[in-house]
Amino acid sequence: MAIEKFITDEIGRQSTYFRIVSDVTNYDLMQRTVVLACYADQSYRDAEKAEMQTNLDGIARYYELIEKEILTEEETDEFQGIDIQELEAMKYNDRSIYHLSYGFSITDSDIRDNLYVSLKDVPCFDGAEDV
């Protein structure tokens with residue numbers, strides 16, 4: 001889930017796609033801080049997800065090959081070319097432009113979806129759409 005709205009920040013960066021990347025709750029202050037990744041548009045986030053999926057597919061293929069008792073020559077070459085540590089590190093190119101942080105008071109119904117509802121109450125996200 002994410003929200004979409006065209007926003008130009010105070011230094012001229014333009015974004016249309018926003019997703020929550022972290023949500024920290026401070027019970028002493030009864031406040032939550034939400035950090036958003038800001039993208040030029042949804043295609044940049046889709047590219048991130050595609051890269052992550054490629055890693056997951058590589059991990060699955062590694063464990064598929066490990067389970068086989070006998071590998072063909074091609075499978076042996078493929079297996080030797082897989083760097084499982086690199087894949088499991090889940091490295092990908094962060095395509096967000098910048099991150100924003102907002103603080104909210106804790107309510108009884110705080111769940112992730114409601115955070116997007118709360119974000120729409122922030123003036124710059126007035127009129128944002130769920131995507």
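Residues are numbered from 1 along each chain as its sequence is written, and side-chain values use heavy atoms, with hydrogens and water left out. Because the model is predicted, local features need pLDDT of at least 70 and side-chain atom pairs count only at pLDDT 80 or more, while totals for chains, interfaces and linings use all residues.

**View 1. The open sheet has five strands in the order β4-β3-β2-β1-β5, with antiparallel pairing.** Strands (E, at least two residues) and helices (H or I, at least four) are DSSP runs numbered from the N terminus, and two strands pair if DSSP finds at least two bridges between them. The edge strands, each pairing on one side only, are β4 (98-105) and β5 (129-130). Nine bridges hold the antiparallel pairing of β2 (residues 14-26) with β3 (residues 31-39), where Thr25 stands opposite Arg32 in β3.

**View 2. Strand β4 runs antiparallel to β3, to which eight bridges join it.** In this pairing Gln31 stands opposite Ser105 in β4. In a regular strand the side chains alternate between the two faces of the sheet.

**View 3. Gly103 has its place in strand β4.** Gly103 counts as partly exposed because its relative accessibility is 43%. Leaving aside neighbours within four places in sequence, Gly103 is in contact (heavy atoms within 4.5 Å) with Gln31, Arg32 and Thr33. Gly103 and Asp23 are 80 residues apart along the chain, and their C-alpha atoms are separated by 9.6 Å.

**View 4. Helix α1 and helix α2 (residues 73-80) pack at an angle of about 130 degrees, with their axes 10 Å apart.** Axes are lines fitted to C-alpha atoms, for helices over the stretch in contact, and angles run from 0 to 180 degrees between N-to-C directions. The two helices, α1 and α2, are therefore oblique to each other, since angles under 35 degrees count as roughly parallel, over 145 as roughly antiparallel, 65 to 115 as roughly perpendicular and the rest as oblique. Where they meet, Arg61, Tyr62, Leu65 and Ile66 in α1 touch Glu75, Glu78 and Phe79 in α2.

How values were computed. Buried < 20%, exposed > 50% of the residue type's maximum accessible area, 1.4 Å probe, protein only.
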